[in-house]
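Let's take a walk through this structure together, going from single pairs of side chains up to whole chains. Keep the picture in view as you read.

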Amino acid sequence: MRTPREHFRLVVKYTPFHSRTVAANELNLWHRWRDYSVADAYFDVSLEYTALRNTCAVFDISPMTKHRITGPDALAFMNRLVTRDVAKIKPGRVGYAVWCDEQGQVVDDGTIFHLSPGVYRLCSQERQLDWLHTARLGFDVTVVEETEDVAALSLQGPTSCATLCALGLTGIETLTPFGMRTFAFGEAELLVSRTGFTGDLGYELWIDPAHAEALWDALFEAGNLYGIRPLGTHALDIARIEAGYIQAGVDFLPADHAIRADRTRSPFELDLAWLVDFSKPHFTGRRALLAEQSRGSRYRLVRLDVAGNKPATDAYVYDAKRRVVGTVTSAVWSPMSKASIALASVAMPHGAVGTPLWAEIYYQKELKWNRTNVECTVLAGPSYDPPRRKVTPAPMR
Amino acid sequence: MTKRIIIVGAGHNGLVCAAYLARAGREVLVLEANAQVGGAAVTRTFAPGYQVPAVAHLLYGFDPAIERELQLRQHGFTDAKSRVLTVALNPDGAPLVHDGREVVSGLSHAEDRQAFTDFMHKMRRLAALLKRQHGRTPPQLTWASWRDAWPLVRLALQMRLLGRADMRELLRMITMPMHDVLEESFAGDLLKGALAVDAVLGTKLGPRSGNTVLNFLHRYTGASAPRVPVGGMGAVSESLASAARAAGVQIRLGARVAAINIESGRATGVTLASGEVIAASTVVSGADPKTTFERLVGLQYLEAELARRIHHMRCEGTAAKLHVALRALPQFKGVDAALVGERLLIAPSALYVDEAFNPAKYGEYSTDPIVEISIPSIADPTLAPAGHHVLSAIVQYAPAHLNGGWEAQRAAFEARVLAVLERYAPGFGSHIVATELLTPADLETQFGLRGGHWHHGELTLDQYLTLRPVPGLGHYATPVQALYLCGAGCHPGGGVMGRAGRNAARVVLQGGVS
Ligand SMILES: Cc1cc2nc3c(=O)[nH]c(=O)nc-3n(C[C@H](O)[C@H](O)[C@H](O)COP(=O)(O)OP(=O)(O)OC[C@H]3O[C@@H](n4cnc5c(N)ncnc54)[C@H](O)[C@@H]3O)c2cc1C
């Protein structure tokens, strides 16, 4: 049973952890994620980031759009929706996926949780109810948005496993990456998945909103000796760029938001070819993607190591002949790799691994604008990918 | 691997398509659910000894090229009556009679005489432009090469060649409601009522709805006056079937297709309701687009957005058929005996038509419907026992999705229509031997027409030309490889014309893709 919805009276929504995030937000810095008010930073972006990479940090992911998909055709529906083979995501497993429109352009990316046989949760950055209702025609499935019905925290960093052990989640270290398991938490059921958006060892915790505050409190108590800190969006953003993860609305424009046809990207153009499974006979975008495969893609997503120490935010990307071949979509100074790094979208055939590109960076010094043209190296993979992310049993330190 | 082409449905378009494919040397198998060929162009017995054209009853726009190329005359196709007049019945006096070009008699306002001649002349010119598109695959809206752009360029050129005045008229009128055009053109109510019928028949639109001028023009892309074949509408289909068989087509009746089989995005054949699987290299569906994709293919095999467009395609029929077996010819008030065999209309004014439409908007039937009557047994006595007659009437508005359903209300509706007929032909009731009412719901179950719709999908600008039946399916080919459409749901639309079938055959032969 749902409680009567009063949210429309509010200009802004608060997550189930709001009382705790307010208390923790020493800087009182907030922004909107969808309709929710979430913290940019709690006390110091650098220190939050340092906690994430050296101890552990907690990010409130409750605003993430969540849908539950059930019914006899749930698997068939999921398989027609996304480009990868969902049959390979067994119950108790999670998979990353993208879904496309009929032109083969990415609508959004997200994670599929195979909660129990034939029951899926789809988590995404963007609202998807309309798209899912379109995709539902012809299938015997029920699609219910459950964004507000599930509270969620992301606990990431080297001591995240130890913290969960201290919380009493016995055996959590044996959970493999992209696995999930449920635990009792007081009266409630706590679902833990070994997933995240930081490229590090980490977990996501899913619980009934009524128990959200209790979970936060217990987690911080358990993590006290493991250096647990709250994590705001700014620090998270550094981590996700280091990990090379793309973000809807930043690194690609969701296809259903685009007016101009050349603004969208296909999975191939986002370096997600590994998510496209043509052995699957039917999925939305298949025809267009097959055609793209034979014709060639228009763009390529590249991970760049940018010379110098200035973040190449919004920079134009040039080839050796000083022609503009693309733009940077995300850029940051990476504390882990001690380098300025970026994600960029460049026109084919530019951007092959190892080839040079140049970024035109504008920066200010005491209100004076300067411009520099720096060489970039196209990297073969993410800037930061520690072994602990994949190791099972998960390290306790 | 088989080279067989399967055509789903022996509607007249399916038969035309089959005949052309076979004449081009292809192996063609037509699978028809019903026991007769023809789909909605069919003559059948509705009471012992009495036959009627069970759905369509007047032939307007049958493509003369098909008649010629398939040599239909040699396959038994002849007119029982050509140039059928339109007789607008008058509840209080003499009817108005026109032949599609001029008013023959019964004018209430002298100034309407010239106005009618001019109006019909203009409408024929505008209709001719639409007609020129009929024999072609609609233009592409995006194109990869200039060759693909040519049809669109040609359409633009032809519009320009209409001359400045006509082009302006076409652009002005094409989206207009017929009612407004009638008000600016004519004075007499009977005349306006009759023309309003031509603008709404077969649609879920009233004379004050947009797109009714388009529907009017669509009707007049055919001859200015309809005709009636010997043996009724079914004879057209029988002659097509005969021509198709002569070309080598195999037609199986009573073979209902339960599914079009798809493997890896390609049509591989069909499964019949009996469970029999028949392989094919190509499947062409003459069933309407909703039936084809929602029931036979399954929306799950389409891209999500295309599935949505098909799901939302407007396809609710509002035309019912009433068939009456009569022991004597009825006498219509003020109508000369010589005119009873023409096309009789009950629609005494445009307002009457508009008021008839109102209930349909809310899922109710008209208590005073518009009625188009044909008594084909006058020209073709083979249809009824000697001295007896059959009356075929299209009765509108009777929406497919009637509030409360048709079963509980069909008797009341039929009684209502008979009362209206009685009003125009006193004593009508005493001649009745038998009746048959086919609501749009019956047309759906008996003829497989989704929603009982005349055109297999509303004929409005948003579902017209390249956008017909929906964007992405405008060229007979579909995103499912080796699956094509050939029925009235495609360009250029419904009516017994055969053009969709002929165009589709050409695309299939060229191996067109969507
Ligand atoms: C009430 C009414 C009155 C009309 N009056 C006129 C008129 O006077 N003049 C005029 O020109 N037009 C008229 N029309 C329109 C005209 O009848 C149609 O537009 C035209 O007949 C459509 O032809 P078609 O071949 O495209 O499709 P259809 O005739 O509908 O043929 C489709 C065929 O497919 C078959 N089929 C469907 N599903 C399956 C399946 N699963 N397996 C096997 N077979 C299947 C059907 O049985 C049918 O034979 C009228 C329409 C209606 C509804």
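B:R172 has a relative accessible area of 35%, so this residue counts as partly exposed. Keep in mind that you are looking at a predicted model. The partner of B:R172 is B:E184, and the two form a salt bridge whose closest N and O atoms are 2.8 Å apart. Look at where the two residues sit: B:R172 belongs to helix α5 (residues 164-173) of chain B and B:E184 to helix α6 (residues 178-185) of chain B, so the pair links distant parts of the chain, twelve residues apart.

B:R4 is partly exposed at 22% relative accessibility, and B:E27 is partly exposed at 43%.

Another pair in chain B is B:E67 with B:R73, whose side chains meet in a salt bridge at 2.7 Å, N to O. Are these two residues buried or partly exposed? B:E67 has 12% relative accessibility, and because buried means under 20%, B:E67 counts as buried. B:R73, with a relative accessible area of 44%, is partly exposed.

Over all chains, the structure holds 49 salt bridges. Some of them join up: A:R53, A:D200, A:E242 and A:R388 are linked in a network of salt bridges.

Let's stay with chain A and look at its domains. The domain assignment gives domain 1 (6-60 + 150-231), domain 2 (65-147) and domain 3 (298-383). The C-alpha centres of domain 1 and domain 2 of chain A lie 24 Å apart. Between them, these two domains bury about 1,300 Å², with 54% of it on carbon and sulfur atoms. On the side of domain 1 of chain A, A:R34, A:V150 and A:M180 supply 46% of the area buried against domain 2 of chain A, more than any other three residues. A:R34 also forms a salt bridge with A:E126, with the closest N and O atoms 3.2 Å apart. Two salt bridges are found across this interface of domain 1 and domain 2 of chain A, and eight residue pairs are in polar contact there.

Finally, how do the two chains meet? The contact takes 18 residues from chain B and 17 residues from chain A. Chain B and chain A bury about 1,500 Å² between them, and carbon and sulfur atoms give 49% of that area. Of the area that chain B buries against chain A, B:Q300, B:E303 and B:E305 supply 37%, more than any other three residues. Two salt bridges cross the interface of chain B and chain A, and in a salt bridge between the chains, the side chains of B:R308 and A:D130 meet at 3.5 Å, N to O. Helix α11 (residues 304-312) of chain B gives the most to the side of chain B that touches chain A, with seven residues. That side divides into eight nonpolar, six polar and four charged residues.

Methods. Residues numbered from 1 in each chain as written. Chains lettered and ligands numbered in written order. Predicted model: local features only at pLDDT ≥ 70, side-chain atom pairs only at ≥ 80, totals over all residues. Heavy atoms only, no water. Contact = heavy atoms within 4.5 Å. Buried area = accessible area lost by both parts, 1.4 Å probe. Salt bridge = Lys/Arg side-chain N within 4 Å of Asp/Glu carboxyl O. Helix = DSSP H or I, 4+ residues; strand = E, 2+ residues; numbered from the N terminus. Nonpolar A, V, L, I, M, F, W, Y, C, P; charged D, E, K, R; others polar. Domains from an automatic or database assignment. Polar contact = N/O pair within 3.5 Å; in protein donor to acceptor, adjacent residues only side chain to side chain. Buried < 20%, exposed > 50% of the residue type's maximum accessible area, 1.4 Å probe, protein only.
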